[in-house]
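Visitor: I would like to learn how to read a model like this one. Could we take the features in turn?

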Amino acid sequence: MDIVSRTADYVKSKFYGEGSGHDWWHIHRVYETSLQIMEREHHDGVNKEVVALAALLHDIADWKFNNGDDEAGPSAAAEWLESQQASPSVIESVCKIIRHLSFKGAGVPTPMDNLEGKIVQDADRLDAIGAIGIARAFAYGGYKNREMFDSEILLQSHQTAAEYKAQQSTTVNHFYEKLLLLRDRMNTETGKKIAEERHHFMVQFLEQFFRESHDEACWHA
Ligand code: ADP
Ligand code: NI
């Protein structure tokens with residue numbers, strides 16, 4: 001078995017059955033989407049092994065540690081890759097990608113200077129938007145015991161999805177602080193195209209969500 005297959009088995013055994021939005025199928029989709037983007041971008045000299053390993057290992061620290069340490073991911077990935085005798089240059093590239101992958105807030109740039117990283121970052125972000133992104137956000141919100149939305153606000157102000165003003169720590173708020181910003185953060189042309197459709201679906205979902213919440217608010221007024 002090659003190192004990519006061994007890594008897939010390892011990651012699958014760690015993540016299988018996870019319920020917080022970081023399950024094996026998230027990793028699997030990021031892996032498959034990364035390979036698809038790589039094929040469509042037609043760039044010479046992309047290191048396929050680095051793309052595959054970075055996609056498979058990008059969330060490894062979410063299973064192993066949970067202390068908000070930026071180096072937890074890269075060091076867990078390096079430990080595994082060393083145990084598999086990966087070359088030092090592959091280990092270095094994969095760790096660098098994992099280190100720079102995450103969205104760190106609206107105003108915080110997360111530059112990725114290599115094509116392999118741009119591809120995996122796009123694939124990870126695509127999985128946070130669209131129908132699957134919506135499902136993951138509510139799954140994560142439930143896991144963290146978060147409120148979906150504060151309907152009280154609608155009784156006072158009749159804001160629409162487009163007029164939404166931030167509330168604290170509800171899952172709907174997460175769309176405005178992160179998910180709706182991802183479309184404009186895509187690196188590759190392929191990623192941008194897929195993001196466009198998924199973004200549109202989220203906007204429609206929010207409009208409908210607000211409409212239904214307004215109806216409910218009116219009945220109780
Ligand atoms: P990634 O896998 O892209 O590194 P994160 O670890 O930030 O993503 O989050 C995992 C999933 O949980 C994503 O789908 C993300 O949108 C969702 N999520 C993260 N923070 C929140 C939040 N505060 N409310 C709802 N969903 C969240
Ligand atoms: Ni991820």
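Guide: Gladly. Start with a helix and ask which side chains are covered. This is a predicted model. In H2, the buried residues are Trp24, His26, Ile27, Val30, Tyr31, Thr33, Ser34, Leu35, Ile37, Met38 and Glu41.

Visitor: How should I read the spacing in such a list?

Guide: An α-helix has 3.6 residues a turn, so residues three or four places apart point the same way. Now go back to H2: Ile27, Val30 and Ser34 are among its buried residues.

Visitor: What length does H2 reach from its first C-alpha to its last?

Guide: H2 has 18 residues and reaches 26 Å. That is close to the 26 Å expected at 1.5 Å a residue.

Visitor: And what comes just after H2?

Guide: Histidine 42, with a positive phi of about 50°. Most residues other than glycine have a negative phi, and most peptide bonds are trans.

Visitor: Where else should I look for a positive phi?

Guide: Glutamine 85 is not a glycine, yet its phi is positive, about 55°. Glutamine 85 sits in the loop between helix H5 (72–83) and helix H6 (88–100). Asparagine 145 also has a positive phi, near 60°. Its loop runs between helix H8 (130–143) and helix H9 (152–156).

Visitor: Is glutamine 85 buried or exposed? And asparagine 145, buried or exposed?

Guide: The cut-off for exposed is over 50% relative accessible area. Glutamine 85 has 67%, so it counts as exposed. Asparagine 145 has 73%, so it is exposed too.

Visitor: Let me step back. How many helices and strands does the protein chain have?

Guide: There are 11 helices and 0 strands. Read from the N terminus, the elements run α-α-α-α-α-α-α-α-α-α-α. The chain has 221 residues, and buried ones make up 47% of them.

Visitor: Now the metal. Which atoms coordinate the nickel ion (ligand 2)?

Guide: For a metal, list the donors, then see where they sit along the chain. Here the donors are His26 (NE2), His58 (NE2), Asp59 (OD) and Asp124 (OD). They lie at 2.1 to 2.3 Å from the nickel ion. Their spacing along the chain is H-x31-H-D-x64-D.

Visitor: What does the pair of histidine 26 and aspartate 124 tie together?

Guide: Histidine 26 is in helix H2 (residues 24–41) and aspartate 124 is in helix H7 (residues 115–126), so the pair links parts that are 98 residues apart in sequence. Both histidine 26 and aspartate 124 are buried.

Visitor: How covered is H7 itself?

Guide: Mostly: 10 of the 12 residues in H7 are buried. They are Glu116, Gly117, Ile119, Val120, Gln121, Asp122, Ala123, Asp124, Arg125 and Leu126. The end C-alpha atoms of H7 are 16 Å apart, and its 12 residues should span 16 Å at 1.5 Å a residue, so the two agree.

Visitor: Which residues are around ligand 1?

Guide: The shell holds His22, His26, Asp59, Asp124, Arg136, Ala137, Tyr140, Arg146, His174, Lys178 and Leu179. By class, that is 3 nonpolar, 3 polar and 5 charged residues. H8 gives the most, with 3 residues. Among the shell residues are His26, Asp59 and Asp124, and these three also coordinate the nickel ion (ligand 2).

Visitor: Is glycine 133 buried or exposed?

Guide: Buried means under 20% relative accessible area. Glycine 133 has 2%, so it counts as buried. This glycine is in helix H8. Its C-alpha is 8.0 Å from that of leucine 179, 46 residues away along the chain.

Visitor: And for contrast, where is histidine 200?

Guide: Histidine 200 is in helix H11 (residues 189–220). With a relative accessible area of 48%, histidine 200 is partly exposed.

Notes:
Residues numbered from 1 in each chain as written. Chains lettered and ligands numbered in written order. Predicted model: local features only at pLDDT ≥ 70, side-chain atom pairs only at ≥ 80, totals over all residues. Heavy atoms only, no water. Helix = DSSP H or I, 4+ residues; strand = E, 2+ residues; numbered from the N terminus. Buried < 20%, exposed > 50% of the residue type's maximum accessible area, 1.4 Å probe, protein only. Donors = N, O, S within 2.8 Å, 3.2 Å for Na, K, Ca; no water. Expected span 1.5 Å × (residues − 1). Near = heavy atom within 4 Å. Nonpolar A, V, L, I, M, F, W, Y, C, P; charged D, E, K, R; others polar.
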